[in-house]
Structures are given as C-alpha cells and as structure tokens.
Amino acid sequence: MVRSRLTPVFLSTGGEPSFPDPHLADESGMLAIGGDLTPERLRLAYDQGIFPWYDEGLPPMWWSPDPRAIIDPSHLRISRSMRRVLHKLGFAVTSNRAFAQVIRACASDRPEGTWLIPEMIEAYEELHRQGDAQSFEVWQADALVGGLYGVQRGAAFAAESMFHTVTNASKVALIAAVTSLFAAGIELFEVQFLTDHLASMGSFNIGRAEYLARLSEARLKPIRLR
C-alpha cells in the first residue's frame, strides 16, 4: 500500500497525547500543529522521532525531517588543533550541573533569533527535573562558556541545541557528550539537521526510515545517566 503525504495534522490540547505516523511528514519535515508541551506529549514525540520547533505567538509545530543527522564515536572527528585546545585552554566539563543556565544560554544572543521561547524552556526544564533531559556544561575557571542539552529516551539521545561564549567551547561540549554518552550505553545520538559545523565534527545524514527503525530499538533499552 502506498501512503500519501499529509498536510500537517492539527492536534488538540488535553486528553491522551497522540501524533500521526512520522513517515507522513510533508517535504519540509512538518508533521503536525497544535497540542501542548506537557512532559507526556514531549516523551511521546521523542519516542516517535518527532520534535517541536516554532516561533513565539504561534501554536506548537511538530517535525520529523528526512534525512536526519546523527553522530557516533567512530565518526567523531577531533582535529590536531582541537586536541591542543582540549589540553591547553583549561576547559572543565560537567553534566547536569547547570541545565537551566545551559538552555537559557542556548536561547540568548543569537542574531537570527531563537525558537527557544519561554514556554519551550519551561517544558524542557520540567523534562530535566523528571530525568528525561540532560545537559553538558563547559567551564573555564568558574564561568560557564559552552554547553549543550538534549532529550534522552532509553539508549537514544536527541541533542537539541548548544552554545559557546568562548571559541571551541561548543565543540568541547559535543565531544564530551558523544564520548561519555556512548560509554554509558547510548546507541543513537541525533543532532537533527546537518550543518557545516556539525559535519566538520563528523555528523552525517541517514534516511528518516533508518533513523526511526534505529530509534524504535534504542529507546526501549534502559539506560540511567543520573
């Protein structure tokens, strides 16, 4: 049976959360509009390879793009110059020490604007309190200079955003996240869209169908990160 592509489905708020089949997203990757950002809906979204992304004043918009960008230790690229940075600049990396600071830093000082509007920040902070969102922090002395955060579902991790205020600090965060999460049992590390920056670090695209198949296996494996 050939499945036809949908125009985005409109979701209601309240009640049992649900989403249409993510394979039916339109050509831009948009799948649905509406609903809410409750922890239950967000967990269901990430279990199905769906994430919210929208601007202030609009209803939530839900996406499942094709292709999907991922990274793993075997493809992670750490250049010679980056290795020198890791050794010389005195960076220290922690995890889940300053989630609120990281997500707010990801939302600020972006000339192109940000999709991390206040309701999104509050929603991911609640996910963090419930153990489903993780952060990595990069420090120089006592100053937070870089970091990233994402959502964990079993052995799958969906990186959402990262920031830096010192050159290379976001690269340090990504390197630390990839190496430590895979060492802890994570099997799928997603970065959504392949940018030049992420490609230079070793990220690569896979098709949505492959991504969803890998996600369906990884998310069922119990991995406790904290």
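1. A residue counts as buried when its relative accessible area is under 20%. The model discussed here is predicted. Ala 107 has a relative accessibility of 17%, so it counts as buried.

2. Ala 107 is part of helix H3.

3. Helix H3 covers residues 99-107 and helix H4 covers residues 118-129; their axes come within 10 Å and cross at roughly 155°. Because of that angle, H3 is roughly antiparallel to H4. The crossing of H3 past H4 is right-handed.

4. On the H3 side, the contact between these two helices involves Phe 99, Ala 100, Ile 103, Arg 104 and Ala 107. H4 contributes Ile 121, Tyr 124, Glu 125 and His 128. Sorted by class, the residues of this contact are six nonpolar, one polar and two charged. The buried Ala 107 is thus one of the H3 residues that touch H4.

5. Helix H7 runs over residues 208-218, and its buried residues are Arg 208, Tyr 211, Leu 212, Leu 215 and Ala 218. Viewed down the axis of H7, these buried residues fall within an arc of 130°, so they line one face of the helix. Ala 209 and Glu 217, on the other side of H7, are exposed.

Terms used. Residues are numbered from 1 along each chain as its sequence is written. This is a predicted model: local features need pLDDT of at least 70, side-chain atom pairs count only at pLDDT 80 or more; totals for chains, interfaces and linings use all residues. Side-chain values use heavy atoms; hydrogens and water are left out. Buried means under 20% relative accessible area, exposed over 50%, partly exposed in between (1.4 Å probe, protein chains only). Helices (H or I, at least four residues) and strands (E, at least two) are DSSP runs, numbered from the N terminus. The arc is that of the directions from the helix axis to the C-beta atoms. Axes are lines fitted to C-alpha atoms, for helices over the stretch in contact, and angles run from 0 to 180 degrees between N-to-C directions. Angles under 35 degrees count as roughly parallel, over 145 as roughly antiparallel, 65 to 115 as roughly perpendicular and the rest as oblique. A crossing is left-handed if the near helix is turned anticlockwise from the far one by less than a right angle, and right-handed if clockwise. Contact means heavy atoms within 4.5 Å. Ala, Val, Leu, Ile, Met, Phe, Trp, Tyr, Cys and Pro count as nonpolar, Asp, Glu, Lys and Arg as charged, and the others, Gly among them, as polar.
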